[in-house]
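Student: Hi! Could we go through this one together?

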Amino acid sequence: MSPAGGAQAADKVRIGLLKLSSAAPLYLAKDRGYFEQEGIDVDFKFFDAAVPIAVAAVSGDIDIGFTGFTAAFYNLAGKGGLKVIAGTAREAPGFQNTAYVASKRAYEAGLKTLKDLPGHSVGITQVGSTFHYSLGLIADKLKFDIGSVKIVPLQSLPNVAAAIKGGQLDAALTATTTISPVIASGDAFVLGFVGDETPWMLGCVVASIAGIEKNRKLIEKVLAVYRRGAEEYARVLLKRDADGKFVRSDEGDAILAIVSKYTE
């Protein structure tokens with residue numbers, strides 16, 4: 001924003017998020033200067049799990065949170081402290097957002113399919129997380145008692161990846177972004193993807209009620225920038241050919257390079 005009398009200081013906004021590819025529109029918007037063009041000085045605050053983002057929004061440690069529909073969110077929203085202001089990612093067929101994986105040790109011992117999960121340890125980030133809910137969905141679909149698996153909350157995505165790589169877990173529900181290197185090294189095997197098995201809307205943008213009342217105009221500008229990034233991402237990376245396959249392009253590779261820079 002540059003009024004005739006001189007430059008005006010940009011509005012500062014703190015956004016809480018995870019280092020996941022699902023936040024690609026935000027990375028794209030920051031890297032290409034969309035926030036700056038709207039007079040916004042954005043500060044990304046990265047978290048290791050979704051649950052703390054909702055807590056940080058209520059406490060005022062962040063202004064806006066890009067997170068998941070977790071038990072913590074519902075508890076805080078139910079008490080009047082938090083509100084959904086937009087949607088983000090959803091689990092859908094053909095999109096590999098959240099993976100069910102088996103450790104190499106467990107896979108070689110017979111854990112080959114999702115139906116084999118009962119009797120095994122399954123790692124998630126936190127109790128009440130989107131991964132926890134997705135585990136409940138697959139248990140309902142395959143008609144096994146969720147109590148038949150040993151749920152192991154490890155508090156963060158990197159911890160889950162490390163436990164799978166080291167063979168301390170039999171299986172896990174985790175973000176494809178963080179588990180991909182473990183899969184590539186041969187230390188984990190994909191059993192399926194949540195989007196293919198139990199599609200559901202898992203992501204949301206949240207803000208505290210107090211924050212909305214105080215900074216409504218700024219929040220609206222942030223969402224407009226996010227929408228711009230999402231539209232560009234969809235235009236380039238979600239384009240399909242006549243056979244329904246995604247179309248690769250130099251422009252798409254450039255966007256993927258931006259995403260990779262923020263998710264390393």
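**A chat about the model**

Tutor: Contact here means heavy atoms within 4.5 Å. This is a predicted model, where local features need pLDDT of at least 70, side-chain atom pairs count only at pLDDT 80 or more, and totals for chains, interfaces and linings use all residues. Residues are numbered from 1 along each chain as its sequence is written, and side-chain values use heavy atoms, with hydrogens and water left out.

Student: Where is leucine 18 placed?

Tutor: Leucine 18 belongs to strand E1 (residues 11–18). Helices (H or I, at least four residues) and strands (E, at least two) are DSSP runs, numbered from the N terminus.

Student: And is leucine 18 buried or exposed?

Tutor: Buried, because its relative accessible area is 12%. The cut-offs are under 20% for buried and over 50% for exposed, with partly exposed in between (1.4 Å probe, protein chains only).

Student: What about threonine 125, buried or exposed?

Tutor: Threonine 125 counts as buried, at 2% relative accessibility. Threonine 125 sits in the loop between strand E7 (121–124) and helix H6 (130–142). Neighbours within four places aside, its contacts include Ala49, Phe131, Pro153 and Val160.

Student: Switching topic: what is the strand order in the open sheet of five strands?

Tutor: The order is E8-E7-E9-E6-E10, with mixed pairing. Strand E8 (150–153) and strand E10 (188–193) are at the edges with a single partner strand each, so one side of each has no neighbour in the sheet. Two strands pair if DSSP finds at least two bridges between them.

Student: How do E6 and E9 pair?

Tutor: Strand E6 (residues 98–103) and strand E9 (residues 171–175) pair in the antiparallel sense over five bridges. Alanine 102 stands opposite alanine 171 in E9.

Student: Last one: at what angle do H10 and H11 cross?

Tutor: The axes of helix H10 (residues 209–237) and helix H11 (residues 250–263) cross at roughly 130° and come within 9 Å. Axes are lines fitted to C-alpha atoms, for helices over the stretch in contact, and angles run from 0 to 180 degrees between N-to-C directions.

Student: Which residues of H10 and H11 make the contact?

Tutor: Glu232, Tyr233, Arg235, Val236 and Leu237 of H10 meet Glu251, Gly252, Ile255 and Leu256 of H11.
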